[in-house]
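Visitor: I have a model to go through. Please walk me through its helix packing and its charged pairs.

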Amino acid sequence: MGLITGICTFLYHLPQIYEWLLKPYYITSFFMTVAFLVVRKTPGLCEHLATQREDGNSCDFDWRELEILMFLSAIVMMKNRRAITLEQHIGNLFMFSKVANVILFFRLDIRLGIFYLALCLAFVMTCKPPLYMGPEYIKYFSDKTIDEELERDSRVTWIVEFYANWSSDCQSFAPVFADLSLKYNCAGLRFGKVDIGRYGEVSQRYKVSTSPLAKQLPSLVLFQGGREIMRRPMVDNKGRAVSWTFNEESIIREFNLNELFQKSKKLNKGRGLKGEEPVDDDNELHPDTDNPEQPTESKKDQ
């Protein structure tokens with residue numbers, strides 16, 4: 001029954017997966033992942049390769065190559081235990097496959113190893129993972145607007161993600177945070193993001209480290225009346241983030257979003273009863289529709 005459910009889910013999301021995989025980053029990563037397999041199995045090419053097999057068949061894997069591939073499979077399975085999204089699963093597979101291919105190509109021929117390593121470096125420098133550009137109810141802050149926006153209305157609760165575009169964890173978390181904003185955004189509960197890789201002053205002001213060793217990216221902070229109420233992940237005395245799973249269920253539970261959402265919806269009703277103009281959600285979606293005198297960051301700026 002579980003297998004049938006998995007197959008049905010895959011078929012339901014197949015058009016979205018197909019569109020996602022057609023992006024240049026994933027197409028190039030796929031070909032680089034299977035590069036050694038193609039070289040080792042292609043007739044007319046594999047006959048000229050070295051091998052340590054006793055039967056001398058250079059078109060099949062030798063025992064050392066099988067060990068490397070089995071070790072790669074174990075590493076990918078261990079890393080994917082903490083993966084949340086499909087992008088993280090595929091990203092782990094691509095990354096460790098490239099590392100294994102570098103080792104395999106250097107064992108096979110040092111010239112092939114150098115060539116493949118150069119391709120990997122060129123790929124990292126020129127081809128970046130695609131950013132999430134789907135629907136969302138998120139306000140993008142700059143270093144000049146975040147403080148004013150958080151303190152503008154003490155009745156509004158903000159959940160702000162501190163992220164950096166270069167962080168693969170932040171890129172993988174983007175669709176999860178966007179989906180939460182679509183479900184829970186209302187007059188009294190807002191979602192925001194600020195790129196602390198771009199705005200270093202914000203990173204220091206809110207004590208979110210951008211160091212890869214600190215593992216604080218992404219960080220979610222709950223603000224009420226401009227004051228920080230809680231954040232995840234928490235940070236220990238050494239400045240390192242305490243391990244925490246960034247999935248939708250954990251965020252809903254830790255931040256008590258269901259209760260916050262019910263309380264925040266009453267804010268809009270209260271404004272209507274008092275004759276105040278209710279907040280227009282659509283005006284909060286795009287920073288460029290706000291006060292033009294205050295520069296804000298848009299998705300195009302990313």
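Guide: One definition to start: contact means heavy atoms within 4.5 Å. Bear in mind that this is a predicted model.

Visitor: Which residues in α7 meet α6?
Guide: On the α6 side the residues are Lys 98, Asn 101, Val 102, Phe 105, Phe 106 and Leu 108. Their partners in α7 are Ile 110, Leu 112, Gly 113, Ile 114, Tyr 116, Leu 117, Cys 120 and Phe 123.

Visitor: How do the residues of that contact divide into nonpolar, polar and charged?
Guide: Tyr and Cys count as nonpolar here, and Gly as polar. On that basis the contact of α6 with α7 has one charged residue, two polar and 11 nonpolar.

Visitor: Is α6 roughly parallel or antiparallel to α7?
Guide: Helix α6 spans residues 86-108 and helix α7 residues 110-126. Their axes lie 6 Å apart, at an angle of about 155°. Angles over 145 degrees count as roughly antiparallel. Therefore α6 is, relative to α7, roughly antiparallel.

Visitor: What percentage of residues 114-134 is helix?
Guide: The unreviewed UniProt entry annotates residues 114-134, along with 20-39, as "transmembrane region". Over residues 114-134 the end C-alpha atoms are 39 Å apart.

Visitor: How far apart in sequence are the parts tied together by Glu 65 and Arg 40?
Guide: The structure holds 18 salt bridges. One of them joins the side chains of Glu 65 and Arg 40, at 2.5 Å from N to O. Glu 65 sits in helix α5 (residues 63-80) and Arg 40 in helix α4 (residues 35-41), so the pair links parts separated in sequence by 25 residues.

Technical notes:
Residues numbered from 1 in each chain as written. Predicted model: local features only at pLDDT ≥ 70, side-chain atom pairs only at ≥ 80, totals over all residues. Heavy atoms only, no water. UniProt positions renumbered as here; feature names shortened; annotations may be inferred. Helix = DSSP H or I, 4+ residues; strand = E, 2+ residues; numbered from the N terminus. Axes fitted to C-alpha atoms, helices over the stretch in contact; angles between N-to-C directions. Parallel < 35°, antiparallel > 145°, perpendicular 65-115°, else oblique. Salt bridge = Lys/Arg side-chain N within 4 Å of Asp/Glu carboxyl O.
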